[in-house]
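Dear colleague,

I am passing on the structure we spoke of, with the sequence alongside. Please have a look at it first; my notes follow below.

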Amino acid sequence: MERAFQTALWFLQPEIVFILGDLFDEGKWSSSQAWQDDVRRFWKMFRHPTSTELFAVAGNHDVGFHSEMNWYKLQRFEKVFNFTSAKVVTRKGINFVLVNSVALHGDKCSICTKVETELHRLSTALKCSQQLDPDSGQNCSEKESFPASAPVLLQHYPLYRASDAGCTGEDSAPPEEKDLLFRERYDVLSQEASSKLLEWFGPRLILSGHTHSGCLVLHEEGRVPEITLPSFSWRNRNNPSFLLATLTAKDFAFSKCFLPKESTVISVYLTAGIFLLNLLLCRLRLWHRVLGCAHHWLSTRVG
């Protein structure tokens, strides 16, 4: 992963990198010392120049599923990655909304309530900036100002969909998994939370992760595309990938960038290993013959 990330960074020179959660395997269980060790390893693997910004959203492996998440786990993640559970990042007239989707459980827990309140506040400010009709009684003059551009939504959990049955492409789920029904609030967001995000933000693009497989879903009668990105790790799939996107305030274009398949990498290593072993055996046989000839020559001379 380190080599793949550093190579992509050098070759593509992106302005911003977004990581859509699950930066760690065991963040939800880590002790304070283990967390610090994992963070140091992460920044070593995903080091980047000052010309590239890196943002991350929280995933269930970073702070735990909803029942495991608490303020301590959430705040230590926020401190390391300068992340808040509801945040707008604006660059070149583009509004990126970063969401802690783990907190959108809808059960009025203290974290969930705080996150939903902040998301609603930001949605009103974004609507005011676009001169859309905000909630009645809201005073736009008192709201934070953003560029007049529909936002891009980034989160760990995908919006609600019944399954991956409609997903296509080489990075989609394997055929035997596509018809498995997703569990709300575990595999995907609930229908209620999904409807809220679409209504509050009116996003023009949604980027999500979590399922380890790729998918393109169209929401709001085909007007809002959501791209679920597959895992970047060979541990989770044979063909990891990432999304390369170019965005303006009004438009976007993207393409999938695939890493070498793990099976290909293993085959290359095995082939190289067999070749080097044969080369070594050939050299040993050659030396054996040279030494045998030398011994015979010496024996003849002595005789």
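I begin with His210, which sits in the loop between β6 and β7; please keep in mind throughout that this is a predicted model. With a relative accessible area of 16%, His210 falls under the 20% limit and therefore counts as buried. Leaving aside residues up to four places away in sequence, His210 touches Asn60, Phe65, His156, Tyr157, Pro158, Tyr186 and Asp187. Two of these neighbours also meet it through polar atoms: the side chains of His210 and Asn60 are joined by a polar contact of 3.1 Å, while the backbone oxygen of Tyr186 lies 2.8 Å from a polar atom of the His210 side chain.

The loop that carries His210 runs between two strands, β6 and β7, and both belong to an open sheet of six strands, in the order β3-β4-β5-β6-β8-β7 and with mixed pairing. At the edges are β3 and β7 (215–219), each of which pairs on one side only, and from one strand to the next the twist averages 20°. The mixed pairing can be followed in two examples. Strand β6 (residues 205–208) runs parallel to β8 (residues 224–228), to which three bridges join it, with Ile227 of β8 as the bridge partner of Leu207. Strands β3 (residues 86–91) and β4 (residues 94–99), by contrast, run antiparallel and are joined by six bridges, and Val88 has Val97 in β4 as its bridge partner. β3 and β4 form a hairpin with two residues between them, and in the turn Lys92 has a positive phi of about 55°.

There are two disulfides in the structure, and, with the bonded cysteines numbered in sequence order, their pairing is 1-2, 3-4. One of them joins Cys128 to Cys140, at an S to S distance of 2.1 Å; the torsion about the S-S bond is about -70°, so this disulfide is left-handed. Because Cys128 lies in helix α5 and Cys140 in the loop between α5 and β5, the pair ties together parts that are 12 residues apart in sequence. Cys128 is buried at a relative accessible area of 13%, whereas Cys140, at 33%, counts as partly exposed.

The other disulfide is formed by Cys167 and Cys215, with sulfur atoms 1.9 Å apart, and a torsion of about -75° about its S-S bond means that it is left-handed too. Since Cys167 lies in the loop between β5 and α6 (175–178) and Cys215 in strand β7, this pair ties together parts 48 residues apart in sequence. Cys167 is buried, at 2% relative accessible area, and Cys215 is buried at 4%.

How values were computed:
Residues are numbered from 1 along each chain as its sequence is written. This is a predicted model: local features need pLDDT of at least 70, side-chain atom pairs count only at pLDDT 80 or more; totals for chains, interfaces and linings use all residues. Side-chain values use heavy atoms; hydrogens and water are left out. Two strands pair if DSSP finds at least two bridges between them. Helices (H or I, at least four residues) and strands (E, at least two) are DSSP runs, numbered from the N terminus. Axes are lines fitted to C-alpha atoms, for helices over the stretch in contact, and angles run from 0 to 180 degrees between N-to-C directions. Buried means under 20% relative accessible area, exposed over 50%, partly exposed in between (1.4 Å probe, protein chains only). A polar contact is a pair of N or O atoms within 3.5 Å; within protein, one must be able to donate a hydrogen and the other to accept it, and residues adjacent in sequence count only if both atoms are side-chain atoms. Contact means heavy atoms within 4.5 Å. A disulfide is a pair of cysteine sulfur atoms within 2.5 Å.
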